[in-house]
Amino acid sequence: MWLIHGGYPYTLDMIWLTAAKNVYTDSSLMGYYVYPSELKNILKQWISLYPERKSCSGRTPFRSTMPLAREETFWLAARSARTAVAAALAELVAEGAFTEEKAVELARQYLHDNAAKLYGEKK
């Protein structure tokens, strides 16, 4: 099961839903809904518990009622996600939760590998 938008605004509940086998979530467009500083806090919790089940996927439905064009919305969400995951992982490394090498691996999983594994990577 793939849960989109991180369950926003129920992001804490989303963490525990992903404890179930074959349940994944993505933070797509959460970067549009919340500031990167808030997204950082959410991602820090997610990464600490179930990093292999989180993704920043762009494959979510686009609602035409959004004030920005599709491309602008996805760009803003992706930029916010990259900023937030970098800040979350930097804090986790500083706290000793992960090594820098593990943080880079987790960033790659979040930004690419988890979605590619779930959706199938296009070549």
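Analyst: A residue counts as exposed when its relative accessible area is over 50%, as buried when that area is under 20%, and as partly exposed in between. The model is a predicted one, and the values below are computed from it.

User: Why is Y35 called exposed?

Analyst: Y35 has a relative accessibility of 66%, and the cut-off for exposed is over 50%, so Y35 counts as exposed. Y35 is found in the loop between α2 and α3. Its C-alpha atom is separated by 8.8 Å from that of A84, a residue 49 residues apart from Y35 along the chain.

User: What makes T25 buried?

Analyst: The relative accessibility of T25 is 0%, and buried means under 20%, so T25 counts as buried. T25 belongs to strand β2. Between the C-alpha atoms of T25 and W46, which are 21 residues apart along the chain, the separation is 9.8 Å.

User: Is A77 buried or exposed, and how do you know?

Analyst: A77 stands at 8% relative accessibility, under the 20% limit, and therefore counts as buried. A77 is found in helix α4.

User: Which residues is A77 in contact with, leaving aside its neighbours within four places in sequence?

Analyst: With those neighbours left aside, A77 is in contact with L29, G31 and Y32.

User: How is the chain as a whole made up of helices and strands?

Analyst: The secondary structure comes to five helices and three strands. Read from the N terminus, the order of the elements is β-α-β-α-α-β-α-α. The chain has 123 residues, and 43% of them count as buried. Of the contacts between residues at least 6 apart in sequence, 69% join residues at least 24 apart.

User: Which residues make the contact of α3 and α4?

Analyst: On α3 they are P36, L39, K40, L43, K44, I47 and S48. On α4 they are S80, A81, T83, A84, V85, A87, A88, L89, E91 and L92. These residues of the contact divide into 11 nonpolar, three polar and three charged.

User: What makes α4 roughly antiparallel to α5?

Analyst: α4 and helix α5 (residues 100–119) pack at an angle of about 155°, with their axes 10 Å apart. Angles over 145 degrees count as roughly antiparallel, so α4 is roughly antiparallel to α5. α4 passes α5 in a right-handed crossing. The contact is made by A81, R82, V85, L89 and V93 of α4, together with E100, A103, L106, A107, Y110 and L111 of α5. Nine of the residues in the contact of α4 with α5 are nonpolar, none is polar and two are charged.

User: Why is the pair of Y8 and Y33 called stacked?

Analyst: The ring centres of Y8 and Y33 are 6.1 Å apart, and rings pair if their centres lie within 6.5 Å. Their planes are at 15°, and planes under 30 degrees apart count as stacked, so the pair is stacked. The structure holds one aromatic pair. The pair links distant parts of the chain, 25 residues apart: Y8 lies in the loop between β1 (2–3) and α1 (11–17), and Y33 in helix α2 (residues 30–33).

User: What is the phi of N22, and where does N22 lie?

Analyst: Phi of N22 is near 65°, a positive value in a residue other than glycine. Most residues other than glycine have a negative phi. N22 lies in the loop between α1 and β2 (24–26). Its relative accessible area is 46%, between 20% and 50%, so N22 is partly exposed.

How values were computed
Residues numbered from 1 in each chain as written. Predicted model: local features only at pLDDT ≥ 70, side-chain atom pairs only at ≥ 80, totals over all residues. Heavy atoms only, no water. Contact = heavy atoms within 4.5 Å. Helix = DSSP H or I, 4+ residues; strand = E, 2+ residues; numbered from the N terminus. Nonpolar A, V, L, I, M, F, W, Y, C, P; charged D, E, K, R; others polar. Phe/Tyr/Trp six-rings, centres within 6.5 Å; stacked < 30°, edge-to-face > 60°. Buried < 20%, exposed > 50% of the residue type's maximum accessible area, 1.4 Å probe, protein only. Axes fitted to C-alpha atoms, helices over the stretch in contact; angles between N-to-C directions. Parallel < 35°, antiparallel > 145°, perpendicular 65-115°, else oblique. Left-handed = near helix turned anticlockwise from the far one by under 90°.
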